[in-house]
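Student: I would like to learn how to read features in a structure. Can we take them one by one?

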Amino acid sequence: MPVILIAADVMENIRQLKNLLQDIGQVVFACDGVQTLEQARRHRPDIVLLDVMTAGLDSYEICRCLKADPVTCDAPVIFISGADGECDEAAGLAAGAIDYIFKPFVPAIVRGRVQNHLALVRATAELRDTNDALRKFATAVDCSPAAVIITDRNAHIEYVNTAFCDVSGYSAQEVLGQTPALLKSGETPLPVYENLWQTVQQGDNWRGELRNRRKDGSLLWEEVAIAPVCDAAGVITHFVAINSDITQRMQMEEELRELATTDVLTGVANRRRLMELGAQELLRAQHSNTPFSVLMLDIDHFKNINDNLGHAAGDAVIRTLARVCSESVRTVDTVGRFGGEEFALLLPMTPIAGALKLAERLRATIAAQQLEWEGKPVRFTVSIGAAEGCAGSEDFAALLNSADQALYQAKNSGRNRVAASNA
């Protein structure tokens, strides 16, 4: 309930005003100038009704004191004056008064003016609170480590925070009036943008990851959240986007994926990756009715290399085999280390005849390799088994088993040989 301070030296005036206003607010009163200032500091009134003829201090001085005190300066002061010209309105307004009420009192006018000024007090307080909240919000947004972009309904940028400028390399002046399209790298699929725009235009929030480009041309990954802002009628007026730089996280995830699917010693695919890709390629071949072949390679007498020259020499031989295989295949083919000294090659769109031709070329190339190890020449050979995927219910594990059986057939036939599966 608002507090109303009535300051007058005539008790009848105080009584009349209290009766008129006590249902509007809590009424306190003072009978002279000094008491008026004391009551004002004690009760912090929302409005002061000050009689021009208040005893003690000059009423204009009282008004100036109220306006000069931080505790009471926001309270509007209404002068109470007789209708016989006893007041100087200009002096009152100059002292900080906001209005005048003349005696004899007209109840409707007194109540109306007090209520109107109290409404202004409330509106001013609400506006002040709103401005304080906006200042806090603006400070929080500008200090946010995430880039914040506010656009109009047509995606023209109206605001960016400091983090946006730091991450993108653009100044605020450079991007105001532009659209976020200036961040596009060309590496985010078009359907992603189509889904984004369709989602926010229908009033829903959108979240996703975008591959964007900084002003200097470097690329970054950003996790983006976009929310539409609507007016009281529910019409979209703005969009707010919060972009978090996740480049480092994406790089770490890529490195983890690489570690999970790559053989550490050779850099080619590991067993897990071979099994995943092999199953995908076999399924693709069956759906498209195209050939798909697999080679299994094993280093002959590898145990002797380890026993005679050491495991470091054995690792060097394995790396050499991986390099020769990688250099001998197409970009659509996959070279992988299946385990130990055993390798597998996935050959999409390759019939068994083509696989055998490649296998023979590999066998001859590897046999001609001479690896220098601690001043000694090291030669090695491989045995290779080949198998072609068949239509029907055969899975990749069965295809690998066929190639593995052919590999052992090559070994049993004297090693340094190529054999094809009979399946």
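Predicted model: local features only at pLDDT ≥ 70, side-chain atom pairs only at ≥ 80, totals over all residues.

Student: How is a pair of aromatic rings described?

Tutor: Two values do it: the distance of the centres and the angle of the planes. For Tyr60 and Phe79 the centres are 5.3 Å apart and the planes stand at 70 degrees, so this pair is edge-to-face. Tyr60 sits in helix H3 (residues 59-68) and Phe79 in strand S4 (residues 77-82). The pair links distant parts of the chain, 19 residues apart.

Student: How many aromatic pairs does the whole structure hold?

Tutor: A search finds four. Tyr60 and Phe79 also belong to one aromatic cluster, together with Tyr100 and Phe102.

Student: Which residue lies over the face of Tyr193?

Tutor: Lys184 does, at 4.3 Å from the ring centre.

Student: Now the cysteines. How many disulfides are there?

Tutor: The general idea is that a disulfide is a covalent bond between the sulfur atoms of two cysteines. The search of the whole structure finds zero.

Student: Let us turn to strands. In which sense do S1 and S2 pair?

Tutor: A general idea to begin with: in a regular strand the side chains alternate between the two faces of the sheet. Here S1 (residues 3-7) and S2 (residues 26-30) pair in the parallel sense, over five bridges. Take Ile6 as a case: its bridge partner in S2 is Phe29. From S1 the chain passes through helix H1 (residues 11-21) to reach S2. This β-α-β crossover is right-handed.

Student: How many salt bridges are there?

Tutor: The structure holds 22. One of them joins Asp69 and Arg41, with 2.3 Å between the closest N and O atoms. Asp69 lies in the loop between H3 and S4, Arg41 in helix H2 (residues 33-43). The two are 28 residues apart, so here too, distant parts of the chain are linked.

Student: Which residue forms a salt bridge with Asp245?

Tutor: Arg214, with the closest N and O atoms 3.6 Å apart. Asp245 is in strand S10 (residues 236-245), and Arg214 is in the loop between strand S8 (206-213) and strand S9 (219-230). The pair therefore ties together parts that are 31 residues apart in sequence. Asp245 counts as partly exposed, at 39% relative accessibility.

Student: What about Arg249 and Glu223?

Tutor: They form a salt bridge, the closest N and O atoms being 3.9 Å apart. Arg249 is in helix H9 (residues 247-261), Glu223 in strand S9, 26 residues apart. Arg249 counts as partly exposed at 32% relative accessibility, and Glu223 counts as partly exposed at 35%.

Student: Which residues are linked with them in a network of salt bridges?

Tutor: Glu209 and Glu253 are linked with Glu223 and Arg249 in that network.

Key: Residues numbered from 1 in each chain as written. Heavy atoms only, no water. Disulfide = S-S within 2.5 Å. Pairing = 2+ DSSP bridges. Helix = DSSP H or I, 4+ residues; strand = E, 2+ residues; numbered from the N terminus. Right-handed = clockwise from strand over helix to strand, strands pointing away. Phe/Tyr/Trp six-rings, centres within 6.5 Å; stacked < 30°, edge-to-face > 60°. Lys NZ or Arg CZ within 6 Å of the ring centre and 35° of its normal. Salt bridge = Lys/Arg side-chain N within 4 Å of Asp/Glu carboxyl O. Buried < 20%, exposed > 50% of the residue type's maximum accessible area, 1.4 Å probe, protein only.
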